[in-house]
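Work through the following exercises with the sequence and the model at hand. Each task is followed by a worked solution.

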Amino acid sequence: MEKQFKSLLEESVRVHGHLCAGQVLGVRMSLLGLREIGISDPKGADRKQIIVFVEMDRCATDAVQSVTSCSLGRRTMKFMDFGKMAATFVNLRTGKAVRVLAREESRGKAKERFPHFKSKYAAQLEAYKTMSDEDLFQVMSVQVQIRPEDMPGRPLSRVACEACGELVQDGREVRRDGVVLCKACAGNGYYTPENVPFCVERYAEKS
C-alpha cells in the first residue's frame, strides 16, 4: 500500500507540477474513495465504471484526476463549486457512492506531529502522508442521481439558443415562456459581451 501511494503521489506531482499538501490529500482521498466503492483498477478494467464529483478547484483535484483517470473531457469528473475539500466517488456498475471529506481538525493534528516545523504547510505535507484515514477524512455513504445527459458518451441533445444562435448540448438550455435560451442569454452567464446588440432584459420584455 505504501509503495502504491508513493508511486501515485509521484505521478500526481508530475501532472500537477509541484508537491504540496493538497496533492497528498487528493491521492489519499482517491485511494480511500475507490476502495470504499469497490473500484480496484480505475485506469484499466474499471475505467468506464466510475464518476467522481469534486467540490473544489484546488490542488487536490489534480491529484484526484491523476489517481482515478477521471476528467472533465471524458465527462467522468464533475465539478461542483462548493468550495469544500471533498469528493464523491460513484461506482456506476453497483450504484454505490461515498463522499470523502477532509477533516478540518487534521490541520491541527499535523502541527502537533511536527511541532519543530516552522511552516504549518510543511507540517501538513509530512503529516498527511502518515496519518490514518480516520484522522484525515470523514466518509459518508450517499446516493447520487446521475441524469442520462450527464453520462459519458455522445451528446443526447443539441438545441440553438433563440437569442444568440449558439448551440447548447445535453439539456443545459433554459426554457422560458416557450423560448429556448442558453444560460448566458438567460442572465446566468459568467461573461458580459461587448458590442453585442442583444440584451437579455430587452428580450425578456419582448417575449
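The model is predicted, with local features needing pLDDT of at least 70 and side-chain atom pairs counting only at pLDDT 80 or more, while totals for chains, interfaces and linings use all residues. Residues are numbered from 1 along each chain as its sequence is written, and side-chain values use heavy atoms, with hydrogens and water left out.

**Exercise 1.** Describe how helix 1 and helix 3 cross, and list the residues in contact.

*Solution.* 
Step 1. Helices (H or I, at least four residues) and strands (E, at least two) are DSSP runs, numbered from the N terminus. Axes are lines fitted to C-alpha atoms, for helices over the stretch in contact, and angles run from 0 to 180 degrees between N-to-C directions.
Step 2. The axes of helix 1 (residues 2-16) and helix 3 (residues 59-68) come within 9 Å, crossing at roughly 120°. Helix 1 is therefore oblique to helix 3; angles under 35 degrees count as roughly parallel, over 145 as roughly antiparallel, 65 to 115 as roughly perpendicular and the rest as oblique.
Step 3. Helix 1 contributes Leu-8, Glu-11, Ser-12, Val-15 and His-16 to the contact (heavy atoms within 4.5 Å), and helix 3 contributes Cys-59, Asp-62, Ala-63, Ser-66 and Val-67.

**Exercise 2.** Give the strand order of the sheet and identify the strands at its edges.

*Solution.* 
Step 1. Two strands pair if DSSP finds at least two bridges between them.
Step 2. Five strands form an open sheet with mixed pairing, in the order 2-1-3-4-5.
Step 3. Strand 2 (77-79) and strand 5 (137-142) each have a single partner strand and stand at the edges, so one side of each lacks a neighbour in the sheet.
Step 4. Strand 4 (residues 97-102) runs antiparallel to strand 5, joined by six bridges; Leu-101 stands opposite Gln-138 in strand 5.
Step 5. Helix 3 packs on this sheet, touching strand 1 (50-54), strand 2 and strand 3 (86-91).

**Exercise 3.** Is strand 1 buried or exposed, and how is it joined to its partners?

*Solution.* 
Step 1. Buried means under 20% relative accessible area, exposed over 50%, partly exposed in between (1.4 Å probe, protein chains only).
Step 2. Five of the five residues of strand 1 are buried, so the strand is largely enclosed by the rest of the structure.
Step 3. Ile-50, Val-52 and Val-54 point one way from strand 1, and Ile-51 and Phe-53 the other way.
Step 4. Five bridges join strand 1 to the antiparallel strand 3, where Ala-87 stands opposite Val-54.
Step 5. Three bridges join strand 1 to the parallel strand 2, in which Lys-78 is the bridge partner of Phe-53.
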